[in-house]
Amino acid sequence: MRPELKALYQKILLDRAKSTLGFEKGPEAQHIIEAYNPVCGDQFKLFLDLDTDKVDHASYHGYGCAISKASTSLLIESIQGKNLDECRKLIDFFKQCMSGMATNPGEIYQALALSKEFPGRQQCAVLSWQAFENFIDGL
Amino acid sequence: MLDVSLIRKQFPIFSTVNDAGKPLVYLDNAATTQKPWVVLESLSNYYRTLNANIHRGIYDLADKSTKAYEQSRGKVAQFLKVEHLEEIIFCRGTTEAINMVAHGWGMDHLNPGDEVLVTAMEHHANFVPWQVACEYSGAKFKVLPLNSDGSLNLESLKEALTPHTRMLAVTHISNTLGCINPIQEIVKIAHNNGTLVMVDGAQSVSFQELNLQDLDCDFFAFSGHKIFGPMGVGVLYGKRELLQEMSPYQQGGSMIYQVGEQKTTYKAPPHRFEAGTPPVADAVALGTALDFVNGIGLASIKDHHIQLRNYAWERLTTTDHVQLLGSPNQSAGIISFNVENIHAHDVATILGEAGIAVRAGHHCTQPLMDHLGISGTVRVSFSIYNDFNEVDQLIDALVTTRKIMA
Ligand SMILES: Cc1ncc(COP(=O)(O)O)c(C=O)c1O
């Protein structure tokens, strides 16, 4: 096995995937965003409450693989309390990390970026981020 | 068991390795099978020595090309034990074959008040076209529920058929669970009710000997690529009297009888349903693939599948944290399972590193996943080049998967 496999499924990512932080249904949320991958059927709902242009509360629910869960959990935690401009910057940073262009990506982003080494798995890493970006773009 | 080492020599793909340098353990045969040299040579031979458009030219080469194509139709007819050549239509594959019926037959025969019944285990290819045909025609689309293990229940089938059920769409073998449906019995039940039957044979052609006259189904579809043939060619079988009155769902060259400015008439089957230039080389190579299968013998092939399946089932049952789906009875060489608390995609990625190709996800059977209350499975599916040792490698890799994901 290549070292990339262990580096992808490293402890920080697996812990994140198992974490229940922000994993909570929010049927009453102002905005419910669907992140769905038709190839594998992975499906998350992102629940957002905005206070004018600030993310007042964010949570998510659904099912997916370790990569998509870790990535979604990271997204939800990172946007908490941020305004839309900051969210956009965060998305740009995420994209840079995924393409290996970020200068200081941090461990978890680095692990997620390794998904591109494995056939079909990068989509798992970007699933919820893409859905969130589409949502912001549509505001 | 078949002599696997001898068979593997006939498949060039097995001399390749993956990115991690591992040789290929190919357990995704339900998705597509690998291609033997004879099929590759048949393709190349066609383009090197026979290439000309068929049913059009009046020169020697066009004649030879046409003959090769029609000869392959004959091989398919023999393979399926079909009486009339014109009952065999070449198309792109199972998906196109079913669409041809859902739209071509459905267009003329489905009306508001009619019903189409499909089972909850269908591949999307034998589900969505019917859903859409019902939307267009105003007919009612009904889904037959399954037993809790995902198998078909003939009593529920009898109850679900009504005087309005025009068509029953059912798969011969589930591509997800591997369960084999008793098509002959199902057809009898449906016919007693005046209902036609469309059988999805994508998984059964490469597993067991078929005799469509005995099965008595009205339509049958399969894909060449799942039986060692090329991608892009497949077959629709339809009973002669049904095809004769069926509308083509594509129009164009080769299928017309006479074209007037306002009105066009069509040729008789099978040409009516083969609009445009067909995949001639692929159809010819499919004939070669069927020769290849006949050379090995479907009885031995079926036995090989079943032995691998039984061995794998037994080993998976005794592997900790593996949950098997479906039931070991009446099943082909296909097994679906999940590893506790690990998503099927993560399992497949780690197996992939070990050189083991399996499929993970919903396998184009989302209604079945809903029925079973799961989002996906890991699926292994066997073929003639697999052996017990590969099953052992699978089990070892599953143990490794647990360690990595712990
Ligand atoms: C049962 C079944 N039906 C239909 C299909 C669709 O076949 P194709 O993609 O070759 O048209 C498949 C294969 O994916 C299958 O397994």
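**Aromatic rings**

Over all chains, the structure holds 18 aromatic pairs. Rings of Phe, Tyr and Trp (its six-membered ring) count as a pair if their centres lie within 6.5 Å; planes under 30 degrees apart are stacked, over 60 edge-to-face and the rest tilted. Before you select anything, note that this is a predicted model: local features need pLDDT of at least 70, side-chain atom pairs count only at pLDDT 80 or more, and totals for chains, interfaces and linings use all residues. Residues are numbered from 1 along each chain as its sequence is written, chains are lettered from A in the order in which they are written, and side-chain values use heavy atoms, leaving out hydrogens and water.

Start by selecting Tyr109(A) and Trp129(A). With centres 6.4 Å apart and planes at 65°, their rings make an edge-to-face pair. Colour by helix to see the link: Tyr109(A) is in helix 5 (residues 107–113) of chain A and Trp129(A) in helix 6 (residues 122–137) of chain A, 20 residues apart. Helices here are DSSP runs (H or I, at least four residues), numbered from the N terminus. Are these two residues, Tyr109(A) and Trp129(A), buried or exposed? Both Tyr109(A) and Trp129(A) are buried (buried means under 20% relative accessible area, exposed over 50%, partly exposed in between, with a 1.4 Å probe and protein chains only).

Next, move to Tyr311(B) and Phe388(B). The ring centres of Tyr311(B) and Phe388(B) are 4.7 Å apart and the planes are at 55°, so this pair is tilted. Because Tyr311(B) belongs to helix 11 (residues 298–317) of chain B and Phe388(B) to helix 14 (residues 388–405) of chain B, the pair ties together parts 77 residues apart in sequence. Tyr311(B) is partly exposed at 22% relative accessibility, and Phe388(B) is partly exposed at 31%.

Now select Phe11(B), Phe14(B), Phe228(B), Phe292(B) and Tyr385(B) together: they form one aromatic cluster.

**Cysteines**

How many disulfides does the structure hold over all chains? The count is zero, with a disulfide taken as a pair of cysteine sulfur atoms within 2.5 Å. Select Cys87(A): the nearest cysteine sulfur, that of Cys97(A), is 16 Å away. Cys87(A) is buried, at 0% relative accessible area.

How values were computed: Helix = DSSP H or I, 4+ residues; strand = E, 2+ residues; numbered from the N terminus.
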